[in-house]
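Reader: I am new to reading protein models, and I would like to learn how to look at one. Could you take me through this one step by step?

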Amino acid sequence: MDRCKCNSDLSSPKHCNIERLRDIKDPEHPYSLEELKVITEDAIEVDDVQSYVRVTFTPTVEHCSMATIIGLCLRVKLLRSLPSRYKVDIRVAPGSHASEASVNKQLNDKERVAAALENPNLVDMVDECLAPSYG
Amino acid sequence: MELYEGGCELKLLETLAGHSDRVWSLAWNPATVAAGTPLVFASCSGDKTVRIWENTPSHSASWTCKAVLEDTHTRTVRSCAWSPSGKLLATASFDATTAIWENVGGDYECVSTLEGHENEVKSVSWNASGTLLATCGRDKSVWIWEVQPGNEFECVSVLQGHTQDVKMVQWHPSTDVLFSCSYDNTIKVWAGDDDDWQCVQTLGEPNSGHSSTVWALSFNAGGDKMVTCSDDLTLKIWETDNIQMHSGDGYAPWRHLCTLTGYHDRSIFSVHWSSEDIIASGAADDAIRFFVENRDGLVDGPTYKLLLKKEKAHDMDINSIQWSPGEKRLLASASDDGTIKIWELASLCMENGH
């Protein structure tokens, strides 16, 4: 049986680490992505057979400059949680962002993501958003 | 030996581990075949190092890592290329530099560092005579460097034109015409001499070009055809007029020949055209595919067909696939899984009674 890195059963439809995407903190506001309705339950599509995940998120405002940071946080969280065979696509909800195509393209360009994750400032920001919040 | 669909297989000869991060690219040393010395290739990685691998057929593990080039690049090494003489290796890095290494009695020394790009350098290529080097990167520019005596490199041109990140540069196999492909979905052709270089053609959507990032390009041996691969899930074949190209003008326009669509379902990162006209592709679905010209059709102009698909060739995305120089149908693939695999494309022998 497939196990996620958190040891929960991957074949269960709403398993914990994917659920925890919702706990990621928004980079600009002191709330989680779920509280801001940036990411919802339906927004995460998992195909265990094909080893494929697609996440659709809705930035807080149409011109949200943090869209690429949020997307990067989602990708890093999944990278750290899922077995390496998973293919991940991240996108903004259709119609939710002024530069939808351009944001989606950046978020799914593996080379651009790899270079971004070598930038210490960006990594700090991502780690900040992914850190568990207490209280 | 003729290869036909269903009549060949891809045999895994060896899996090479060593890099501690994804392997982005690999390059075969072109000089070893003529010299009769063992095959050598270089690989480069997110672990900031370059590894040199050599074939030693007398041992049971026939490929060994002869050198690790480290403590030079401070970020991912994205691409590497040998000079035509095989004596120098250029390595392009996200640290915005290109390093030039020389093999000095088995040890590799960094003899020069090319600076100038504003950010990540993504590709490097030598021209056929080894007199020019080209680099490109996320700063949208393509740089041409002249090789001078004493391992000195002088930048002779900084080419602007692409509107986005440039993913790969590749010199034409027999003329000093440079090709680049980009996140802006186009392929650009650059021609000139000394310090006067211009973009002479752009292959974009109006010319039946790609509709998303173009990751790589590769020429056939004759240099009159080229294949490009893209995030749009297609391979495109382009052709030019060889006679016009080798005439005094030195440049002839390229036109779209055909598009291979429906074969890939995730980004195609690498493509390589073999000396026997077999096109190999490496993609983000972990598979290797081979295409050959379709001779059976009654269509105008050549079409291409799938010869073989090897699923799960690696456990993760394939970033680079390269045929070895020489006669055997050997190829190497590099992956996000941190390994390099050596393969042989072999005919299936069918004998009576077996």
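Author: Happy to! A polar contact is a pair of N or O atoms within 3.5 Å, and within protein one must be able to donate a hydrogen while the other can accept it. Keep in mind that this is a predicted model.

Reader: With that rule, how many residue pairs are in polar contact across the interface of chain A and chain B?

Author: The rule is applied across the interface of the two chains, and both residues of a pair need pLDDT 80 or more. Counted this way, the residue pairs in polar contact between chain A and chain B number 18.

Reader: Which element of chain A gives the most to the side that touches chain B?

Author: Three elements of chain A each supply at least two residues of that side: strand E3 (87-92), helix H3 (100-107) and helix H4 (110-116). With 5 residues, the element that gives the most is H4(A).

Reader: And how many charged residues does the side of chain A that touches chain B have?

Author: Let's sort that side by class. It has 4 nonpolar and 3 polar residues. The charged residues there number 9.

Reader: How many salt bridges are there between chain A and chain B?

Author: For a salt bridge, a side-chain nitrogen of Lys or Arg must lie within 4 Å of a carboxyl oxygen of Asp or Glu. The side chains of B:Asp165 and A:Arg112 meet in one, at 3.3 Å from N to O. Between chain A and chain B, the count of salt bridges is 11.

Reader: How much area do chain A and chain B bury between them?

Author: In this interface, 16 residues of chain A are in contact with 27 residues of chain B. Carbon and sulfur atoms carry 44% of the buried area. The area buried between the two chains is about 1600 Å².

Reader: Which residue takes a positive phi in the hairpin of E12(B) and E13(B)?

Author: These two strands run antiparallel and are joined by 7 bridges, and B:Gln148 has B:Glu152 as its bridge partner. The hairpin has 3 residues between the strands. The residue with a positive phi, near 75 degrees, is B:Gly150.

Note on methods
Residues numbered from 1 in each chain as written. Chains lettered and ligands numbered in written order. Predicted model: local features only at pLDDT ≥ 70, side-chain atom pairs only at ≥ 80, totals over all residues. Heavy atoms only, no water. Contact = heavy atoms within 4.5 Å. Buried area = accessible area lost by both parts, 1.4 Å probe. Polar contact = N/O pair within 3.5 Å; in protein donor to acceptor, adjacent residues only side chain to side chain. Helix = DSSP H or I, 4+ residues; strand = E, 2+ residues; numbered from the N terminus. Nonpolar A, V, L, I, M, F, W, Y, C, P; charged D, E, K, R; others polar. Pairing = 2+ DSSP bridges.
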